[in-house]
Amino acid sequence: MASRFLDTLSGTPHTPPPVWLMRQAGRYMADYRALRSSEPDFISFCLNSDKASQVTLQPINRFGFDAAIIFSDILLVPWALKRNVRFVTGTGPLLDRLERVTDIDLSHLDDIKTTLAPVGEAIQKTRAALPVDTALIGFAGAPWTIITYMLEGQSSRDFPAARKWLWANEREFDNLLDIVTEATIEFLALQANAGADALMLFDSWASAVPAHYRDRIVSDPAAHIITSLRKRGIMQPVIGFPKGIGEGLVRYCDITGVQAVGIDHGTDLAWAARTLPEDVVLQGNLDPLALIGGGTAMQDAVAHILDVCDGRPHIFNLGHGITPETPLAHVDALVSMIRGSDI
Ligand code: CP3
């Protein structure tokens, strides 16, 4: 198989492992900042397929990662559901807070193929421009993570509105979960059909789901999304990233049908390698902030990651997204260290 990334995802270990970084197209790169400033509105930037494709390729050209991730955002789904998503510099995303599930007009679900079509076009353009052995990842937010933004109206630390809703209106919460799950299936199907080689489901705030509800809100929706994609004939491997659920990873791997799981930097990768099913590929898990200092502390952490995953299919990545203050030279050092790891 041409791609080491896809070959690893299908269960064959590679030494050195393939590498890419979550949020690899972004503000730590001057090339990104330059193109981004040409389009003040972030949603318009994401929906400009030429610009989205160009920024997707920037980290590939600069670092030669094994996979590209399409430049887009998880909040395009609530945007397509007309939740008035906007990005304010210095504040982050803002949305109209959802008061009742009935405030969502279900006809928007049928329009997703059209409203988010530019993401598919960006995928087609990017796939055509990428080296054949570089894989292209499409992605969406998992339903819970999207719902937190819809109910909080912004980023949050403890997600009080979403958690209160969950405990107080179980039935209504289930209805909301169903709507967002359907929207997610449409968005991922669109990207797979446009030529994405793999799909990733970001449940960035899964750690905030009470363990009592974890199956219902994190794992079951992920399982449903994957089954529905398979029923539509979409067979691309899926990477699940239920960030911060610790021991919940065992059940997540057992019931979702993911081919790979993202391991955050708060989880012991040696535990994950020992405990999670052999047929689930591990992806992770360097603390993104280790890249800021670089040097021997980072090198020791990288050596440990390579060591505990030795012999097991593993995709090198961070435990969460790369941050804007990361020096490019430290990314260079990381990639050369990983690529030199078979000597
Ligand atoms: O990985 C990549 O290179 C692809 C691009 C990508 C973006 N967002 C671009 C982006 C991906 C994979 C995402 C996913 C995303 N978006 C997540 C899940 C991953 C994670 O980090 O947990 C989440 C939670 C979001 C929501 C989001 N988008 C927030 C909270 C913000 C504002 C905070 C911030 O970092 O500015 C965004 C904006 C955003 N999405 C930026 C980028 C490059 C920065 C906006 C800018 O350029 O002005």
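Reader: Why is N84 called partly exposed?

Author: The relative accessible area of N84 is 40%. Buried means under 20%, exposed means over 50%, and partly exposed is what lies in between (1.4 Å probe, protein chains only). N84 has 40%, so it is partly exposed.

Reader: What kind of model is this?

Author: This is a predicted model: local features need pLDDT of at least 70, side-chain atom pairs count only at pLDDT 80 or more, and totals for chains, interfaces and linings use all residues. Residues are numbered from 1 along each chain as its sequence is written, and side-chain values use heavy atoms, with hydrogens and water left out.

Reader: Where is the place of N84?

Author: N84 sits in the loop between α5 (76-80) and β2 (86-88). Its phi is positive, about 55°, although N84 is not a glycine.

Reader: What is the phi of R23, and why is R23 called exposed?

Author: Phi of R23 is near 60°, positive in a residue other than glycine. R23 has a relative accessible area of 56%. That is over the 50% mark, so R23 is exposed. R23 is in the loop between α1 and α2.

Reader: Why does M22 count as buried?

Author: M22 has 2% relative accessibility, so it falls under the 20% limit and counts as buried. M22 lies in the loop between α1 (4-9) and α2 (30-36).

Reader: Which residues does M22 touch, not counting residues up to four places away in sequence?

Author: Contact means heavy atoms within 4.5 Å. M22 touches M200, F202, F241, N317, L318, G319, H320, G321 and I322. M22 and N317 are 295 residues apart in sequence, yet their C-alpha atoms are 6.9 Å apart in space.

Reader: What share of the contacts with a separation of 6 or more is between residues 24 or more positions apart?

Author: The share is 73%.

Reader: How do you know that the span of helix α10 agrees with its 25 residues?

Author: The expected span of a helix is 1.5 Å times one less than its number of residues. Helix α10 (residues 170-194) should span 36 Å, and its end C-alpha atoms are 36 Å apart, so the span agrees. G195 follows α10 and has a positive phi, near 120°.

Reader: Why is T181 called buried?

Author: T181 has a relative accessible area of 5%. That is under 20%, so T181 is buried. T181 lies in helix α10. Beyond its neighbours within four places in sequence, T181 is in contact with P143, P221, H224 and I225.

Reader: What does helix α7 (residues 117-129) reach from its first C-alpha to its last?

Author: Helix α7 has 13 residues and reaches 19 Å, close to the expected 18 Å. Its buried residues are P118, V119, G120, A122, I123 and T126. They pack against α4 (49-63), α5, α6 (107-115), β4 (135-141) and α10.

Reader: Why does D203 count as buried?

Author: D203 is at 2% relative accessibility, under the 20% limit, so it counts as buried. D203 is in strand β5 (residues 198-203). Leaving out residues up to four places away, D203 touches A142, W144, T145, V218, F241, P242 and K243.

How values were computed:
Helices (H or I, at least four residues) and strands (E, at least two) are DSSP runs, numbered from the N terminus.
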